[in-house]
Amino acid sequence: MFSIISSTTTGIDAIPVIVETDVSNGMNNFTIVGLPDTSVKESRDRIRAAIKNSGFQFPRGRLTINLAPADLRKQGPLYDLPIALSILIARGEIPAHTLEHAVVLGELALDGVIRPVRGVLTTALMARRIQKTSMFVPKENEQEAAVIKDLEVFGATSLRGLVDHLLGRTLMTKTVYARKIRAREDHQCFSFIKGQDFAKRGLEIAAAGGHNILLSGPPGTGKTLLARSFPSILPDLTEEESMEVTSIASVAGELTSSSGLIETRPFRSPHHSASVVSLVGGGTWPTPGEISLAHRGVLFLDELPEFPRHVLEHLRGPLEDGVVTISRAQATVKFPARFILVAAMNPCPCGYASDPKRKCICTIFQMQTYQKRISGPLLDRFDLRIEVSNLPQEKLLSDTQSEPSAIIRARVVAARIKQADRFFDSACHVNAEISPSLLEKTCVMSSEAKTLLGLAIGSQSLSPRATTRIRKVARTIADLAESNIIEEQHLAEALQFRGQKMQHD
Ligand SMILES: [Zn+2]
């Protein structure tokens with residue numbers, strides 16, 4: 001009996017799968033144990049054809065393949081290659097020791113060509129964890145695997161080519177990770193957006209403290225442009241974050257053949273017609289949704305009230321925990337989903353309720369229905385709510401250059417460093433994640449700031465939740481100003497970003 005190591009993924013973690021092969025005398029028979037029934041027949045057909053079409057004989061007798069552990073859910077096609085190789089070992093075509101220290105995965109076409117699969121990066125991480133030294137993967141996936149240091153990676157195009165390599169006839173070259181340094185896309189620089197200083201300042205605070213932000217205003221005010229430029233002021237991904245982001249994209253099948261590590265923060269903007277599954281993840285074989293693909297980056301929901309309320313409600317848990325849990329009868333799968341939510345909306349169905357120049361034609365009933373589409377608890381997740389208005393003509397025509405994203409980003413990075421120091425021994429990373437138990441300790445206010453907050457609570461009848469939100473935003477503003485204590489002016493600015501009074505406050 002021979003065995004080859006392959007893998008399966010649950011969430012974004014890979015787990016070893018052992019492909020065991022046994023050939024014995026008896027009637028010709030080819031059994032695969034440990035795969036879902038639906039994929040067994042297809043796998044058998046592909047493997048048999050690929051072996052024959054690569055110029056080998058298919059073994060006679062009773063051939064049994066076992067994929068262990070049996071209770072682990074496995075996706076069929078990626079075991080084609082390890083199963084085919086183990087059959088060829090059983091037939092004596094390849095010496096068993098050639099694959100002893102390797103992890104193998106790949107789908108086979110009928111003609112023996114090796115097709116790409118999902119989850120190669122997570123499998124490579126697993127290979128290193130279980131101390132395997134090499135990996136044989138589909139050519140299209142080789143860059144993904146080569147990201148992992150201390151692992152010899154070979155990208156194979158066909159079963160025949162791979163066998164020739166293992167026999168030492170025609171050697172494949174080891175894959176070298178070709179890191180692509182991508183310059184930041186400066187066509188999304190803040191300097192190209194005229195005016196809108198208030199909204200830009202709000203986005204800077206959101207970036208610095210990891211706060212969710214809601215942009216409200218009439219059509220044509222540039223809400224979408226502001227949101228799309230937002231990633232340009234976010235800090236670079238750390239190596240660890242890159243690895244997480246790439247793993248998710250790999251499991252979701254979103255990486256292209258040339259992709260190595262993803263080094264820019266994701267920006268995802270699903271349409272309001274998106275289904276719950278495409279937004280939060282799921283399916284019979286659970287795959288990550290938009291909120292996980294936005295992990296460590298930005299999820300942008302344009303025209304927020306157009307999203308069905310039941311779809312938006314699915315965001316609340318992940319916004320709180322930074323993770324989405326998908327429950328299936330067989331198992332529960334978790335995908336990371338820690339993102340900054342940026343949303344945009346018109347103030348009313350016609351769009352012009354807050355526009356001084358145009359008249360809103362909505363009825364009170366239409367206005368109420370529109371606002372009710374977003375639940376209070378979801379609205380509560382937005383730390384900053386900003387009114388974006390049309391620019392006065394003289395500003396539109398002025399030639400004054402706005403501040404470029406790189407300069408704003410430098411301030412954001414400095415504020416993030418302050419937060420990293422503050423939270424080094426706690427579970428949160430940014431001010432937006434400050435837990436109730438940490439609030440008093442981390443958001444210390446000067447006596448003037450306290451007095452101001454007291455006045456605001458009285459005059460605007462602020463709820464405890466709204467008060468907490470204001471303090472967290474003030475904490476970020478103080479960090480941007482390099483102040484350890486929240487002073488009166490920081491709190492005053494935070495109060496400005498509370499936005500217009502919404503019915504739920
Ligand atoms: Zn209106």
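This is a predicted model: local features need pLDDT of at least 70, side-chain atom pairs count only at pLDDT 80 or more; totals for chains, interfaces and linings use all residues.
Q: Which domains does the assignment give?
A: The assignment gives domain 1 (2–166), domain 2 (186–347 + 400–425) and domain 3 (434–505). Such bounds come from an automatic or database domain assignment.

Q: How far apart are the centres of domain 2 and domain 3?
A: Their C-alpha centres lie 24 Å apart. Domain 2 and domain 3 each bring 16 residues to the contact, where contact means heavy atoms within 4.5 Å.

Q: What area is buried between domain 2 and domain 3?
A: About 1400 Å² is buried between domain 2 and domain 3, and carbon and sulfur atoms give 69% of that area. Buried area here is the accessible area (1.4 Å probe) that two parts lose on being put together, summed over both.

Q: Which three residues of domain 2 supply more of its buried area than any other three?
A: They are I205, K418 and R422, which supply 36% of the area that domain 2 buries against domain 3.

Q: How many salt bridges and polar contacts cross that interface?
A: The rule finds two salt bridges across the interface of domain 2 and domain 3; a salt bridge is a side-chain nitrogen of Lys or Arg within 4 Å of a carboxyl oxygen of Asp or Glu. Three residue pairs are in polar contact there, with both residues at pLDDT 80 or more. A polar contact is a pair of N or O atoms within 3.5 Å; within protein, one must be able to donate a hydrogen and the other to accept it, and residues adjacent in sequence count only if both atoms are side-chain atoms.

Q: Which elements give two or more residues to the domain 2 side?
A: These are α6 (197–209) and α16 (405–422). Helix α6 provides the largest share, seven residues. Helices (H or I, at least four residues) and strands (E, at least two) are DSSP runs, numbered from the N terminus.

Q: Changing topic, how many salt bridges does the rule count?
A: The count comes to 25 salt bridges. One of the pairs is R201 with E493, whose closest N and O atoms are 2.6 Å apart.

Q: What about R169 and D164: buried or exposed?
A: R169 is exposed at 56% relative accessibility, whereas D164 is buried at 14%. Buried means under 20% relative accessible area, exposed over 50%, and partly exposed in between (1.4 Å probe, protein chains only). Their side chains meet in a salt bridge of 3.4 Å, N to O.

Q: Where do E254 and R268 lie?
A: Their side chains form a salt bridge of 3.3 Å, N to O. E254 is in the loop between α8 (239–251) and β11 (267–268), and R268 is in strand β11, 14 residues apart. E254 is partly exposed at 42%, and R268 is buried at 18%.

Q: Which helices hold R471 and E440?
A: The side chains of R471 and E440 meet in a salt bridge of 3.1 Å, N to O. R471 lies in helix α19 (residues 464–480) and E440 in helix α17 (residues 436–442), so the pair ties together parts 31 residues apart in sequence. R471 is buried at 9%, while E440 is exposed at 56%.

Q: Which residues are joined into one network?
A: Salt bridges that share partners join R201, E204, E403, R411 and E493 into one network.

Definitions and conventions: Residues are numbered from 1 along each chain as its sequence is written. Side-chain values use heavy atoms; hydrogens and water are left out.
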